[in-house]
Amino acid sequence: MTALRRTALYVVLAVAALTFIYPFLWMVSTTLKPPFEVGTLSLIPRDVTLDNYRTMWTRAPFGRALLNSALVATTITTAVLVLGSMTAYAMARLHFRGRPLLNVVTLAVLLVPGQLTLIPLYTLIVRLGWVDTYAALIVPYLFNATAILMLRQFFLQIPQSLVDSARMDGMGEMRILFTIIWPLARPVLATVAIFTFMGSWNEVLWPLLVVRDQQVMTLPQLLTVFALGGGAGSMGVSLASAMVLVLPVVIAYGFLQRYFIESMAGSGIKG
Amino acid sequence: MYLRAYELTRDTLAREEALGLLAFIAAMEQGDGEFINFVDTLGRPNRTAPSSRKSMTYWGARAVWALGEATRVLGSERPDRMAPLRPALDRALNRIARDVNARHLVGGSATATAEALLGLLALQRAKPSPNVAALAGRAADLLVPLAAGAADSPPWGGHLDRPDAPWHAWGSRSTQALAHAAVVLQRPDLADAARREADGLWSRFLLAGHFPEQVAPDGRAKWFPQIAYGVSPIVEGYLALAEATGERRYAMLAGLAAGWFLGANPAGEPMYDERTGRTFDGVDGATAAGVNRNAGAESTVEALLALQAATSDPDAAVHLRFRPTGNPSASLTEVPSSRELVGPNGERVTVRRRTRREGLDVDQPSGRTGPIILTYWPAANPGEVRLATRLTAAWNAENPDVQVRMQPLPAGRSTEEVLLAAIVAKATPDVSSNVSSALLSRLVRAGGVVRLDDRAATAARLQERTTPAMLASLRLPDGGIYAFPWKTNPEMLMYNVDLFARAGVAPPRTQSELLDAFRRLARDTDGDGRIDRWALWAPVKTTWYERFYDFYPLYLASSGGTTLVANGDVVFENDAAVSALELLRRGFAEGLLPRSNFAMGRDPFTDGTVAMKIIGPWFVRELNELKVPGLRYDVTPIPAADGVDPNKRYTFADLRSIAIFSTTRHPDAAARFVAYLTSPAADRLLIEEASQLPYRRSLATDSRFSASLTRWPTLTTFARYVERTRDLDLDPDVVEIFDILSEAYEQGAVYGTVPVTQALARAAAETRKIIDAR
Amino acid sequence: MHADVRTVTRSEERSGWLLSAPYAVFLATFAVYPIVFAIALVFMRWDLVTAPSFAGLDNVELLLQDARFWRAVLNMGVFLAIHIPLQIAAALALALALNRKLAFRAFWRASFFLPVVISGAVVAILWNSLYATDVGLINRLLVRLGFAPVPWLTDPLTAMPAIAVMVTWKNVGFYVIIYLAGLQYIPRSCQEAIELEGASAWQRFRFLTLPLLLPQTILVVTLSTINGFQLFIEPYVMTGGGPLGRTYSVVLYLYTNAFSYQKMGYAATIGVALAVMIGVVVAVQRWVLGRAEAQ
């Protein structure tokens, strides 16, 4: 490849990368600008101010929402990993009479778009009296079909001898799963963990339906309600609130991008 | 009497009756400020009978009282009718002043002085003047020392004309006058003076279980004949004290006392015939035979006055139908320290002497181990949460037996969803404010709310706070009121004073003036060939409630009160709607209204990008908090289409009500709380904390609220429209209908893709489809 | 080595049941029951507060005549018509550019993928600010370059394309990875062989790369379609469905019917219709592209 073409390529790549990164930079810069500077093109504000963040933080319980999101996402991820492994293990290594049916239903469920079940799930939550509770945010996500299928796929490849020798040592199934298989499954587990966590962290439609109390809202939900409800009062403030959601992700992403990419791309393909 | 009726109901018949009687009164004045009392059947004045001789005494004072009240109620509305009466009133005032300034009681009597004082105070409320105030103050000062005795020595604070004269039940209005003076003249010392008779003498009456006709200075009581116009001043005196001191127990005692009219008297017979409205003159003895069944005019008037006042106060109304138990005391010197009264449903109440203090407390032993707990959900925005916190704290302090727990409604797009979900999950609160009309019909259909106009406390408050006309549009088909109309936010056109001045524009009164204003206000300020300052912020978003700020108020200004649907039919396909849409269309087409969406959360009015916006009074507080430098604003009524009578203009107000959910286990306690949330004191807080307006009659002219209204700029102007509002239709599909209208608005006005009439017709057809599909 | 056929022990059977029972319960409650209930709701009228009433086929009839619903479907079509080609083109171009030894390769890849990990709500809010007619970045740039500002989200012609561009921007990194994975599989030998034959870069692309990437392209099309039909948070945040209903998505209409109008039965009907539509469209796509693949 000629040097010219090579430089051209780098220029193109740079421009492309810029279109992906610049909006975020602009977002950060806008949040640091005082109101009269909002909308100017400069990236570095002339008057750096943290007012937008201060306003945002006092106007709505973002700290609480951050905790809520963390709580919900962590719980769900843990549950998906543990419960999902158990289920996937059963579906992969244990033969029992319901297994084929379970398989079929799992696949079928994956095919159905979420919007179909939105209303019934909502009414179910209401009937159970779970509106405005963490239960409503967590329980419907305790099992993740995609995760189960991925784990099952992996577990199928574990050599039977390994399992048999463990059984002969008198280990129960659960011990086999968590002490022997899990260490082997680290990559898959990491993948599942990441896309489950990210999915939960970014989820906004479901919380919008089942949670109205600001103290129970997750971060993307509070952000949406805040920005839409006019509570922001200015672009700087609403973008500042978005930053709270984005910053942890970007930081984590910065360090772990390889895992992110592999995980989320991989899950999408399988899905 | 008729004046009071007119004040409460705005019934013109009452007004005419009143004016007729007032003319008679004025005719009785004899030219020098003195009055005679009677005329014979031929209309010839009777100057000779002792109770009719020309003088300034009881009847003269009464006349002044009547004329004073007339000035207060009718003076600003119908000055033409009041003018001929004024000379007689002035002369009478001069006559009174002669006595008072010489430090004589009017006519030598406390009663006459008190009634004259009431007249003066009414005048002062109507037209404050230093002379009247001073005269009233002096009259009040004359009354104060007349209270004889002390807490333990007879006559226990009763006001006597002279130290050796007995206390008369009839006309014992000193307490009422002094308490009222304390409020109008802002002299708390008068309230303390007013307490003496009430806490001392009257307490003994209630503990004794009946009211005497006369009490000697040494405390001997003459019990019969008990007369109506002896009890009535006590009732009204207690109520006046309640208002002056803010102590609810006085209102409760008023209700208990007013029970006399309904059967709480020695004969055990109602004195007030609720069917015919006539009152018997009095009770002569301890049996039914002792009822003096003559029904004189005085009795009827007195009873009606007292009952009217009592039923307009929630605390009194709740205590109206109790009767004392046990034997009435024979003497006032030996009365028990407490007495129990029993109500129509067997509930019990005890009046007992307060420990280490004067007067009586009213206890309601409920036989419960703990207090009643009510849950209350106010709206979520910070101003109202602050308000609710204060009100709840104040209530909890005063009502240890009924404690309220407040939980703000979660913030979301609409509180409707929250409450509906709560109903389904059976997790509703006892009370919720911020209930909108859109929700109400659904709530009622689900059987979810308690009817309020037949529950004592809320019925009383409704009577005190609103006129029948104001309630008419809130009644459901069965005639009941199912949510208490709490606050209203009538919308007006807010404009930037400086931008108007610079463009040479005056506040527009008609739609063509408005369009003209559009043309003069929109401009290109940075010379780039594009308009960047616009006339009005008409929202472009199609969410249904955005129409509250463009189409709907413009439509209501011209529609004479017609809304969108009525009786299951579409009624918005009319000229008013067409002209509203047409106006907006011209504005958008000529680029005078912005078609851009401003950045999220930005308000272009505050930074001067638009010169006008249609908004309600809550925004005044927001503006204040934003502290926008250099923004001067004012409000004007929303212009109506040309040729529409400006007095027939209505505006949109998103009425918010308070509802009691039927899952509550304590509906009466909840009703009392609701009556408290809508009391004058709470309403003042609403204005001051949240810059929102209570749905209250004559708000703009009621002197009790003028101070609060001036706390925020322009709020007084908003207040004038409280009774000229229209809310959302009580239709379960009103949200969808607004969405459909939003489509018509977009097509016809914003983008002009379809002629206005066609867009409107399409919207009407769609709406009919929805209604038919039900 | 044991034979593949094993006898199932009792304890294995029991463990199997035990371990998978929670999942089975979960599926029944949160997956199967809602689907059944959704279908049942199609035939009911329910506002969540009063008791549901039977409505027969009313909801379906209403849906077939509902102009707003079909407008929403049309909007989805417009969206996909813009989004899918744009997505394929952008993802493919970037993947091709990245498919070689590059300095900072990880950095390029990471920057393209960044929007994928960001929440859709944040992206919507961010781009709402970018598109703002008055102080948005895009218009400011345009004005600086001497053009007139465009009311991106309030002009009926530009609103949906604006959203389509934004969604493309958000997801392109994801599809770049997919294409990259596909590109890895093109055997070096094949490439070299064709290079030797003197084919130009374009010919190489058209006759070798593109056909070999067909499976990935099918995947891109399918996933984008499903994603597109589920569009919600973007119109919800940015336009509320306007202007002139051009950005009203089907899911937004479902949401409005359920939570603004309280018409649960009708909303469920929309949901079922949506599921059916997605199924049909995806099936058709796979069939058409599958035939191309077979060639």
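Modeller: Let us begin with pairing: two strands pair if DSSP finds at least two bridges between them. Helices (H or I, at least four residues) and strands (E, at least two) are DSSP runs, numbered from the N terminus. This is a predicted model, in which local features need pLDDT of at least 70 and side-chain atom pairs count only at pLDDT 80 or more, while totals for chains, interfaces and linings use all residues. Residues are numbered from 1 along each chain as its sequence is written, chains are lettered from A and ligands numbered from 1 in the order in which they are written, and side-chain values use heavy atoms, with hydrogens and water left out.

Biologist: In which sense do β16(B) and strand β25 of chain B pair, parallel or antiparallel?

Modeller: Strands of a sheet pair through backbone hydrogen bonds, either parallel or antiparallel. Here β16(B) and β25(B), the latter spanning residues 693–694, pair in the antiparallel sense over two bridges. Within this pairing, Thr488(B) has Leu693(B) as its bridge partner. β16(B) is also joined to strand β24 (residues 656–660) of chain B, by three bridges and again antiparallel; there Phe484(B) is partnered by Ile658(B).

Biologist: How many residues of strand β16 of chain B are buried?

Modeller: A residue is called buried under 20% relative accessible area, exposed over 50%, and partly exposed in between (1.4 Å probe, protein chains only). β16(B), residues 484–488, is mostly covered, with five of its five residues buried.

Biologist: What is the strand order in the open sheet of three strands in chain B?

Modeller: The order is β3-β4-β5, and the pairing is antiparallel. The edge strands, each pairing on one side only, are β3 (167–168) and β5 (221–222) of chain B. Strand β4 (residues 214–215) of chain B is joined to β5(B) by two bridges, and Val215(B) stands opposite Ala221(B).

Biologist: Let us turn to chain A. How many helices and strands are there in chain A?

Modeller: Chain A has 13 helices and zero strands. Its C-alpha atoms fill a box of roughly 75 × 65 × 35 Å, taken along the principal axes. Of its 271 residues, 55% count as buried. Contact means heavy atoms within 4.5 Å. Among contacts in chain A between residues at least 6 apart in sequence, 70% join residues at least 24 apart.

Biologist: How many residues has the largest nonpolar core?

Modeller: In soluble globular proteins, nonpolar side chains tend to be buried together. A nonpolar core is a set of buried Ala, Val, Leu, Ile, Met, Phe, Trp, Tyr and Cys residues joined through side-chain atoms within 4.5 Å. The largest one has 188 residues, and Phe155(A) and Val117(C) have the most contacts inside it. Helix α7 (residues 159–184) of chain C gives the most to this core, with 16 residues. A second, separate core of 96 residues includes Ala92(B) and Leu360(B). Returning to Phe155(A), the residues that it touches, not counting those up to four places away in sequence, include Tyr89(A), Leu177(A) and Ile181(A).

Biologist: What area is buried between chain A and chain C?

Modeller: The size of an interface is often given as the accessible area lost when the parts come together. Buried area is the accessible area (1.4 Å probe) that two parts lose on being put together, summed over both. Between chain A and chain C this is about 7,600 Å², of which carbon and sulfur atoms give 80%. The interface brings 89 residues of chain A into contact with 83 residues of chain C. Helix α13 (residues 235–270) of chain A gives the most to the side of chain A that touches chain C, with 16 residues.

Biologist: How many salt bridges are counted between chain B and chain C?

Modeller: A salt bridge is a side-chain nitrogen of Lys or Arg within 4 Å of a carboxyl oxygen of Asp or Glu. The count between chain B and chain C is three. One salt bridge is formed by Glu736(B) with Arg68(C), where the closest N and O atoms are 3.1 Å apart. α28(B) gives the most to the side of chain B that touches chain C, with seven residues. Between chain B and chain C the buried area is about 2,700 Å², with 53% from carbon and sulfur atoms.
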